[in-house]
Amino acid sequence: MRQIDHHIVGGAGGASRFGDILDPNNGGIQARVALGDRAVLDRAVAAAKAAQPGWATTNPQRRARVMFEFKRLVEANLNELAELLASEHGKVVADARGDLQRGLDVVEFACGAPHVLKGDYTIGAGPGIDVYSMRQPIGIGVGITPFNFPAMIPLWMGAIATVVGNAFILKPSERDPSVPVRLSELFLEAGMPEGIFQVVHGDKEMVDAILDHPDIGAVSFVGSSDIAHYVYNRGVANGKRVQAMGGAKNHGIVMPDADLDQVVNDLTGAAFGSAGERCMALPVVVPVGEDTANRLRAKLIPAIEALRVGVSTDAEAHYGPVVTQAHKDKVEGWIQKCADEGAELVIDGRGFTLQGHEKGFFVGPTLFDHVTADMESYKEEIFGPVLQIVRAPDFETALELPSKHQYGNGVAIFTRNGHAAREFAARVNVGMVGINVPIPVPVAYHTFGGWKRSAFGDTNQHGMEGVKFWTKVKTVTARWPDGSPDGGNAFVIPTMG
Ligand code: NAD
């Protein structure tokens, strides 16, 4: 059986524990992954420690050149990488290409490191005094990533962490670890020194070893909220800089004047694409007014019924299987729960099977109407191909729903009314807002991050926020007196006045 090993300096070494890598399209086990422990981490950290000072003093233009070359290599291998990614995750190959491309967008941003690392300078802040600041790397940083974007999220973190001069250790999801390993191989091929981008695999044991390791200065985590919260608390308690992105339940508000054909097109993609396994999916739609709700529902039903669920390699499929049998059971459990709570089950995706792939982890598209804010199935993240309609009588109620929800990752409003859109964007209590944009993932040179239980810590992913997360600012105040005594009183706090 194929085995995925740690990609660290000196070789993977033996492993005593393994995790199963499933085949979402067919069921069963397709490979196994070594699950590491503190001893494996210690080896990776030792290699990182040895390599990092030389990398940090390599000039930023040369570090950026590695990013340019890495980007070229990923592009040259895009199809192979997308197919590998899809085979472990279950998303369709075209979507897997998008996963890689969104990661490459951040690599492109990292290519501009020489520019973004320029510090501030004030000449003549006082007599003979200049002040300047510089951004220095943290040292050793770690990324702990979820299964649903096995290329994009490791690159959000790893490209910026390394280009600013850190050594980076990636602990990807143990469910789809092959692409992260391929990316680390391509970094080496692109000219990155050994020890600067390594991959260790594992579960809670490895994560705890990371959080407790004294030589690791920063941890960036993306995953579910309870674990994000745990990682944040334990990492911060150990003196690390931590950012920890969590789960989501994004709402799409549909105003009465919205173009409903466009909305239905956007919604089906955003709710069911990648089988709903996206933290920026739109699993809740909030039509404003009964008439909007009825018109939207009438258009949504045939559009959802027309969706094609297929294997990842089916070029015609809109989405593929969910990641594991356990996750399929969980999603179907939420469908039962939502029905039990009194919502109207309009389209039931349970019991869906695909001919020839009867053991695959497929869930058919599911639609609920008359979902209410007090239902558990509304409050919690389902992370599957399930769309819930929550009817709102007016704009204020629609604004309140995402604003009061425990998660605050993304939200969208569909309208032709600029004033309503502007008002909504300014007042909604959510981190990323789309105006007629169903999945408002910001471009790489802006920054990604939610609010409330969708993110713990103060700094977002990528863009300048990413540069800030992976660096420390040092400010130098330099005085070059002209030789004449200044007669100042050394016993009071110096001022420039
Ligand atoms: P997960 O929380 O199960 O796993 C994330 C990481 O944590 C993995 O590397 C995993 O090995 C590790 N982990 C798992 N259990 C652990 C434990 N008990 N202690 C310590 N570490 C543990 O998440 P997932 O199922 O892989 O990913 C889906 C979740 O990620 C969803 O909730 C989704 O919304 C969220 N997500 C959030 C964002 C965002 O930016 N906010 C982006 C993508 C995914």
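How many salt bridges does the structure hold? The structure holds 29, where a salt bridge is a side-chain nitrogen of Lys or Arg within 4 Å of a carboxyl oxygen of Asp or Glu.

Before I go on, a quick word on ground rules. This is a predicted model, so local features need pLDDT of at least 70 and side-chain atom pairs count only at pLDDT 80 or more, while totals for chains, interfaces and linings use all residues. Residues are numbered from 1 along each chain as its sequence is written, and side-chain values use heavy atoms, with hydrogens and water left out.

Helices here are DSSP runs of H or I, at least four residues, and strands are runs of E, at least two, numbered from the N terminus.

Now the domains. The protein splits into domain 1 (2-246 + 454-458 + 468-476) and domain 2 (251-435), with bounds from an automatic or database domain assignment. Their contact takes 20 residues from domain 1 and 26 residues from domain 2, contact being heavy atoms within 4.5 Å. The C-alpha centres of the two domains are 31 Å apart.

Between them, domain 1 and domain 2 bury about 1,800 Å², 57% of it on carbon and sulfur atoms. Buried area is the accessible area (1.4 Å probe) that two parts lose on being put together, summed over both. On the domain 1 side, Asn25, Val92 and Ser454 supply 28% of the area buried against domain 2, more than any other three residues. And between the domains we count one salt bridge.

Last stop, the largest pocket, with about 810 Å³ of space. A pocket is an open set of points on a 1 Å grid over the protein atoms alone, where a 1.4 Å probe fits, with protein on both sides within 12 Å along at least five of seven lines; lining residues have an atom within 4 Å of a point. The volume is the space filled by probe spheres set on the points, which are joined across faces, edges and corners.

Which residues lie nearest the centre of this pocket? Pro146, Arg175, Gly223, Ser224 and Ile227, out of 35 lining residues. Helix α9 gives the largest share of the lining, five residues.
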